[in-house]
Amino acid sequence: MSELFSEAWIKSLGEAWNKDTMIYEPLSKANFSATIGYGFIGDEAPQCIMVIHEGKIVNTTLYHHETVDWDLRASKANWQKWIKQGFGITKLGPAVATRSLQFAQGDYRQMIRNPLLSRPFLRHFVLMSKVDTQF
């Protein structure tokens with residue numbers, strides 16, 4: 001069991017990502033490359049990052065002042081709820097509207113309007129639920 005946002009946790013998420021064609025194939029078609037950070041609302045910086053090159057994870061690590069393209073933030077309670085209960089399209093809009101899920105970096109509107117990006121984004125929450133997470 002890995003603590004949320006620990007090095008072991010983000011590595012497990014990255015490994016699951018690279019095995020899931022529903023994530024990396026559409027992102028590859030979109031030529032999506034980015035660094036995504038994950039953390040908690042109110043923190044100065046994300047806790048961990050994933051580096052994506054053309055849809056595939058090429059590095060996962062704890063955050064060490066890297067430039068991030070996307071930075072997802074939520075409270076510990078919300079991360080826990082979404083990882084345990086799931087997070088689909090019906091939860092995305094309200095989560096963003098109520099600022100339960102915050103994009104400290106990245107263009108939410110651009111992502112949600114492009115199915116090659118939005119479907120993998122939602123799918124990666126499914127993968128989070130498969131990572132054995134300690135809160």
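First, the ground rules. The model is predicted, so local features need pLDDT of at least 70 and side-chain atom pairs count only at pLDDT 80 or more, while totals for chains, interfaces and linings use all residues. Residues are numbered from 1 along each chain as its sequence is written, and side-chain values use heavy atoms, with hydrogens and water left out.

Now the fold. Helices (H or I, at least four residues) and strands (E, at least two) are DSSP runs, numbered from the N terminus. Their order along the sequence is β-α-α-β-β-β-β-α-α-β-α-α-β.

On overall dimensions, the C-alpha trace spans about 35 × 30 × 30 Å along its principal axes.

Contacts next, meaning heavy atoms within 4.5 Å. Among contacts with a separation of 6 or more, 66% are between residues 24 or more positions apart.

Of the 135 residues, 44% count as buried. Buried means under 20% relative accessible area, exposed means over 50%, and partly exposed is in between (1.4 Å probe, protein chains only). The protein exposes about 7100 Å², and carbon and sulfur atoms supply 47% of that area. These areas come from the Shrake-Rupley method with a 1.4 Å probe; for residues, only the protein chains shown count as cover.

As for charge, there are 15 positive and 13 negative side chains, and the centres of the two sets lie 10 Å apart. Lys and Arg count as positive and Asp and Glu as negative; His and the chain ends are not counted. Each charge is placed at NZ of Lys, CZ of Arg, CG of Asp or CD of Glu.

Now to single residues. E54 sits in the loop between β3 (48-53) and β4 (56-62). Its phi is near 50°, a positive value in a residue other than glycine. E54 counts as partly exposed because its relative accessibility is 38%.

R99 is in the loop between α4 (89-97) and β6 (102-105). R99 is not a glycine, yet has a positive phi of about 65°. At 52% relative accessibility, R99 counts as exposed.

Last, N114 lies in the loop between α5 (108-113) and α6 (115-130). Its relative accessibility is 27%, so N114 counts as partly exposed. N114 and V126 are 12 residues apart along the chain, with 19 Å between their C-alpha atoms.
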